[in-house]
Amino acid sequence: MVNNFMNTFAKHLEKLRAAVLEYDADEVNKIVAEALEDNVPPTQLIDEGLLPAIREIGERFERNEVFLPHMVMASEVVDDAMKMIEPHFAQGEERVRGRLVLGTVEGDLHDLGKNVVMMMLKANGFEVIDIGRDVKAATFVERAKELGAQIIAASSLMSTTRPYQREIIEELERAGLKGKIKVIIGGGPCNPEWAKSIGADGYGHDAVEAVAEVKRLLGISD
Ligand code: B12
């Protein structure tokens with residue numbers, strides 16, 4: 001019985017990965033619908049189906065095997081599929097455990113990772129206000145202030161945009177809010193050393209770590 005489940009899951013995930021690599025939106029949506037029907041967990045569909053495929057596209061891009069339009073097509077296919085999956089995430093608890101403002105930094109249009117982080121945080125009972133992509137440092141701080149957020153979460157996917165994460169912390173310092181509003185960062189070019197060097201309060205390698213870091217910063221132990 002357990003093996004049957006595993007086989008069904010593996011089959012869906014492999015088909016899903018292949019369909020993203022073919023940029024076949026209809027096929028991807030069909031597989032996602034079937035997989036959800038077969039009770040494949042939404043996190044598994046994302047982590048083991050969609051994400052390996054989009055990473056593979058990134059690697060092919062790096063090797064000059066595919067070009068920008070292919071990355072655009074693949075990201076649109078993945079974005080659509082994530083929109084189908086989102087309602088199937090377990091709802092977070094009624095009680096809101098904390099409020100965050102989440103965005104991608106200035107100059108950076110990559111938002112798939114930010115969206116995955118948002119889904120996971122919401123599923124874990126956090127209120128997340130998505131302020132979009134290509135967001136200026138000052139806007140992160142203004143929005144967090146006006147919404148009474150305890151945490152700013154900033155995503156950066158490029159080495160050229162990562163410095164804007166530091167600008168957010170500098171903005172907080174200027175506003176006298178450093179330490180009062182915490183900052184958590186993540187995304188491809190980020191790592192714990194970078195987080196430490198810019199004075200960020202937390203770093204998450206992926207959406208699961210994002211949730212763990214937010215809990216740590218808010219002193220939530222479960
Ligand atoms: C899809 C994609 C695009 C899409 C983005 C669409 C969209 N709506 O997001 C499009 C086609 C628009 C694009 C454009 C470009 N891209 Co691009 N893109 C990618 C690609 C293939 C996948 C990124 C992705 O979505 N991954 C899936 C998500 C789920 O993973 P993730 O973002 O890493 O997020 C996870 C973690 O990092 C973490 N996380 C993310 N954010 C946060 C935030 C917090 C707070 C926390 C705690 C955790 C966290 O959790 C997430 C979930 O696990 C990557 C390759 C790669 N390997 O990353 C290149 C890549 C990021 N792109 C790259 C480049 C160069 C570009 C362009 C400059 C190309 C060009 N010549 O124009 C433009 C720049 C546009 C701009 N101004 O931003 C480079 C960046 C190189 C670098 N180091 O600087 C990469 C690495 C490709 C490469 N190998 O060269 N891209």
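# Close-up views of a predicted model

View 1. Strand β3 is mostly covered, with five of its five residues buried.

Residues are numbered from 1 along each chain as its sequence is written. This is a predicted model, where local features need pLDDT of at least 70, side-chain atom pairs count only at pLDDT 80 or more, and totals for chains, interfaces and linings use all residues.

**View 2. The sheet around β3.** Five strands make an open sheet with parallel pairing, in the order β2-β1-β3-β4-β5. At the edges are β2 (127-130) and β5 (202-203), each of which pairs on one side only. Two strands count as paired if DSSP finds at least two bridges between them. Strand β1 (residues 99-104) runs parallel to β3 and is joined to it by five bridges; look for threonine 104, whose bridge partner in β3 is serine 155. Five bridges also join β3 to β4, again in parallel, and here alanine 154 has isoleucine 185 of β4 as its bridge partner.

**View 3. Strand β4, wrapped by its surroundings.** Five of the five residues of β4 are buried, so this strand is largely enclosed by the rest of the structure. Lys182, Ile184 and Gly186 point one way from β4, while Val183 and Ile185 point the other way. Strands β4 and β5 pair in the parallel sense over two bridges. To find this pairing, look for isoleucine 184, which stands opposite glycine 202 in β5.

**View 4. The largest nonpolar core.** This core has 57 residues, and those with the most contacts inside it are Leu16, Leu100, Phe140, Ile152 and Ile168. Helix α5 gives the most to this core, with six residues. A nonpolar core is a set of buried Ala, Val, Leu, Ile, Met, Phe, Trp, Tyr and Cys residues joined through C-beta atoms within 7 Å. Now zoom in on phenylalanine 140: leaving aside its neighbours within four places in sequence, this residue is in contact with Val101, Gly103, Ile131, Val135, Ile152, Ala154 and Ile168. Two residues are in contact if their C-beta atoms, placed from the backbone, lie within 7 Å.

**View 5. Two domains side by side.** The protein chain is divided into domain 1 (2-88) and domain 2 (99-218), with bounds that come from an automatic or database domain assignment. The C-alpha centres of domain 1 and domain 2 lie 26 Å apart. Seven residues of domain 1 are in contact with four residues of domain 2. On the side of domain 1 that touches domain 2, α4 gives the most, with four residues.

**View 6. The shell around the ligand.** Of the 39 residues around the ligand, Gly58, Gly113, Ser155, Gly186 and Gly204 come nearest. A residue is near a molecule or strand if its C-beta atom, placed from the backbone, lies within 6 Å of it. The largest share of the shell, seven residues, comes from α3. Domain 1 (2-88) and domain 2 (99-218) both give residues to this shell, so the ligand lies between them. By type, the shell has 20 nonpolar, twelve polar and seven charged residues. In this count, Ala, Val, Leu, Ile, Met, Phe, Trp, Tyr, Cys and Pro are nonpolar, Asp, Glu, Lys and Arg are charged, and the others, Gly among them, are polar.

**View 7. Glutamate 37.** This residue is found in helix α2 (residues 25-37). Glutamate 37 is exposed, with 9 other C-beta atoms within 10 Å. The C-alpha atoms of glutamate 37 and phenylalanine 67 are separated by 34 Å, and the two residues are 30 residues apart along the chain.

Note on methods: Buried ≥ 20, exposed ≤ 12 C-beta atoms within 10 Å, placed from the backbone.
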